[in-house]
Amino acid sequence: MHDDRSLIEARLKRVLDERIRPAVHPESVPLDVAVWHAPGEPVPVAEGLAAQHNPISVGEMWGPPWGTSWFRVSGTVPREWAGRTVEAVLDLGFDNRFTGNQSEALVHTPDGTPVKGVNPCNQWVRIGASVAGGEQVLLHLEAASNPMLLPPENSFRPTPLGDRETAGSEPLYRLTRMDLAVFDETVWELVQDLEVLGGLMHELPVDSGRRWELLRAIERALDAIDLQDVNGTAAAARSALAPALASPACASAHRISAVGHAHIDSAWLWPLRETVRKVARTAANMTALLEDAPEFVFAMSQAQQYAWIKEHRPEVYEKVKKAVAEGRFVPVGGMWVESDTNMPGSEALARQFVHGKRFFLQEFGLESEEVWLPDSFGYTAALPQIVKQAGARWFLTQKISWNQQNPFPHHTFQWEGIDGTRVFTHFPPIDTYNAQLSGAELAHVEANFRDKGAATRSLAPTGWGDGGGGTTREMLARAERVRDLEGSARVEWERPRDFFAKAEAEHPNPPVWSGELYLEIHRAVLTSQAKTKQGNRRSEHLLYEAELWAATAAVRAGFPYPYERLDRLWKTVLLHQFHDILPGSSIAWVHREAEKTYAAVTEELRSIVDAAQRALAGDPRASTHVVFNAAPHTRAGVAAGGAAPKAPADGRSVTAADRPGGGFVLDNGLLRVEVDGRGLVVSAYDQAADRETVAPGRAANLLQLHPDFPNMWDAWDVDAFYRNTVTDLVDADEVALTDRRPQAASVRVVRSFGSSRVTQTLTLTAGEKRLDIDTEVDWREREKFLKAAFPLDLHTDRYACETQFGHVHRPTHTNTSWDAAKFEVCAHRFVHLEEPGFGVALVNDSTYGHDVTRDVRTDGTTTTVRLSLLRAPRYPDPGTDQGVHRFRYALVPGAGIGDAVREGYALNLPERRVPGDARVAPLVSIDNDAVVVTAVKLADDASGDVVVRLYESRGARARVRLDASFASGSVIACDLLERPSPDGPALTTTADGATFALRPFQITTLRLKRTAIERSAG
């Protein structure tokens, strides 16, 4: 037989594109269209409906960037269409290759009831299935003219369109089609038949008999079509395909659980206000699709997005609640948003689950057991324990499929965290969270699945996403055809929990992956948009302080605990931890608003802290000040979580002297620091250890500048070749001794480079074995990367980076491709390096990106740790990080891991001084410095109980005694949601607290019930 595959495949493509698809809507009449352009931000529905509309014709331009236009479309169904199915076909000027990243609209009836969303891949609105003819049609479209900021060629060129303030007012879209049309279901079904069989045929081996059967079936179907009468011959063509579609799958075919899905970034290439509308459009579409397809199941994550629908589109929310009750619209994830998981702090990541799961419980009575994070940029090794303590069982992502160097070895496995907790995890081998169930995707699943022989099933999140859109009727049709089709994987719609339960049951001994799920791409998100990251870090610590001091004042002085304000503020901070906001990969509009939001959050939290501390401080007319210590370790004689009048100076002092050859020497008896004439730290000598910290011949606090132009994904990526070129910033405009008090001495260093300027203050304080560095950068560079380097005289194979509720070790070497790929990593408050007997910590107040390398000298090893301070990518925000920034970090020689933990908290939780004369005992005290308290608060149920969360911080076992300074009736171990939990440590209760033991990095939440006497006194 002659090989005529290419001839028939080309025939199929042309006939489908030019004859069959156009015949889906064989007859049409134009609608009358009028439009009103809202002058500013989106308006309420009633205002859009009532506005004065002006005529507009197909072919005219409409929609300035970020504008809202209300279209009114009207017409009459022709009487000759009686008995036929009629749809409105509405094309606003879409690019049909994308959905969610451009214009879209929500369709309303004249009374304002939402009907469905229209977008590039979903342009129809059903008018009637069997019309009488003569019906009047009137629809209103709230259309968003959002600019397309992700071009098809991924050019990542700078654009002013990412902010309404710079986008201009020229219309972006040309109205393309506004018609009433007959819908020919038979032709539409033929399109689906041909797409499924044609897609499957392309993926089968050329020597497969099934491939040739499909080729001949398609040929017969094309022969059956009269190209001048497609609608009249479509049924015959379908009959020719029926035998091929009826052939069942083989017994060993892979099983795919399809889950309707619409990944909606809570902000990305659009602002938060647009996401509010995106979720309404998508939810309206999906609830309508659920009514038409009884087998369909749709899953949506992010409690924040449900809350937006509830607040802004209550009529859509009622449909969502009904579908949730039926078990077909499935809340998943259990988090407030699909957050980044690397940078949120310990308590913040826990609260993502607290607020997310509580919303689902209160609104729907559902306990979400699957964590749903398909698109975050890597996953902290602390997550398995947090997941389990939030009451979840399973974890899902697909982002690790983006790894540039090392394909992940499993698709279904147990993920083990830093404390040993394991969570059953699945990576969908379809390698996308926007699956369309195409032949290519289904073939990829079977070939790609790495657990063959041990497991037989995987999950496929199915629907248009990123900007929403969701599942389409075409995807439903594909799923129906491949439910049981020879040559294909079997597909069925299934709830995530049902998939996980089956997958877990069939794979009882899956492989184990221990440690973080490091994403080998998008490493630069640890640095982009520094102000967003600083706003997050500082808000997290202020929330901790606000809860601590408000709870203390409530118990001690009857202070009204601000439940509602704290709840709202937490949700605001959690929202901004979304995986394109906190990572700095959103448009300028998003980060401009984030900066304003963080400023407002800071002001409100400071007001709560100030009010609570004034209630505790005693007489405000006293000549003394009360020092409040929110850090989890005693500081300057003030207990952790307590306050006391400021203690007098203890007599220790700092000396400052000129250094031979230029510069200065600072000495406090613990640490001697030499700053040379260039303003660089050439010595940091630990006098107790008789040990130099800085590597011989090297200089610390060396600012280094790299070119930064990755191959793609500018705000997201830094490619390894950036290291090939570096400029050391060693020229100083000024090196001067600016502070020479007995308690502290400081050196000021000023540098200019390019169009930028850096001012640094290096301070050594009496009694502290720590060099503090305050850095202010007026940053005006473009496509540059600024780092601060500390070359240390240390030999070590690994280093510790703080993560949530502990730390993770990473290698200093590059033995394997997995090690080499980690050339930029995340750390929270500290990086710690240690060889036996001597360690060094580098602590910071707002930096996340770091890198650590080592070089061998003739006389030892230099291990260099660098903080990533600033970048300047130009996409998607062309002005990223331009302006003035301030960073604080500190070098701590002679530090053990406990010192690193302590100094990291101390830098981020500075003491506060309030006029007064009172001593304030901590609500709770811990007798073991290895155990760190991350929350002291009143219980969320407003019962008045005190809730304490703590963890073991050094990676070792710890015995702990917790003492309460108030009358406590009982102490109960709880989960993160403050519910009694059998999985907490065994408690031995005492008259005023409890004793217990912790495993390495174990998190424990304790609920202390206050006695009736205590409550009445409070």
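Predicted model: local features only at pLDDT ≥ 70, side-chain atom pairs only at ≥ 80, totals over all residues.
Local features are reported only at pLDDT of at least 70 and side-chain atom pairs only at pLDDT 80 or more, whereas totals for chains, interfaces and linings use all residues. Residues are numbered from 1 along each chain as its sequence is written, and side-chain values use heavy atoms, with hydrogens and water left out.

Strands are DSSP runs (E, at least two residues) numbered from the N terminus, as are helices (H or I, at least four residues). Two strands are taken to pair if DSSP finds at least two bridges between them. An open sheet is formed by six strands in the order β3-β2-β5-β10-β7-β8, with antiparallel pairing. Its edges are β3 (54–55) and β8 (114–118); each has a single partner strand, so one side of each is left without a neighbour in the sheet. The antiparallel pairing of β2 (residues 32–37) with β3 runs over two bridges, and A34 has P55 in β3 as its bridge partner.

Strand β44 (residues 883–893) is largely enclosed by the rest of the structure, because eight of its eleven residues are buried (buried: under 20% relative accessible area; exposed: over 50%; partly exposed: in between; 1.4 Å probe, protein chains only). Strand β35 (residues 771–779) pairs with β44 in the antiparallel sense over nine bridges, with T775 opposite F887 in β44. Strand β41 (residues 838–844) is also antiparallel to β44, over five bridges; here N844 has Y889 in β44 as its bridge partner.

The whole structure contains 87 salt bridges, each defined as a side-chain nitrogen of Lys or Arg within 4 Å of a carboxyl oxygen of Asp or Glu. R691 and E835 form one of them, at 2.8 Å, N to O. Because R691 lies in strand β29 (residues 691–692) and E835 in strand β40 (residues 830–835), the pair ties together parts that are 144 residues apart in sequence. E835 is buried, at 19% relative accessible area.

A further salt bridge links K937 and E978 at 2.6 Å, N to O. K937 belongs to strand β47 (residues 931–938) and E978 to the loop between β50 (968–974) and β51 (988–990), so this pair ties together parts that are 41 residues apart in sequence. Both partners are buried, K937 with a relative accessible area of 1% and E978 with 7%.

Salt bridges that share partners also join E41, E104, E142, R164, R273, E274, R277, K278, R281 and R313 into one network. Within this list, the side chains of R281 and E274 meet at 2.7 Å, N to O. R281 is buried at 4% relative accessible area, and E274 is buried at 0%.
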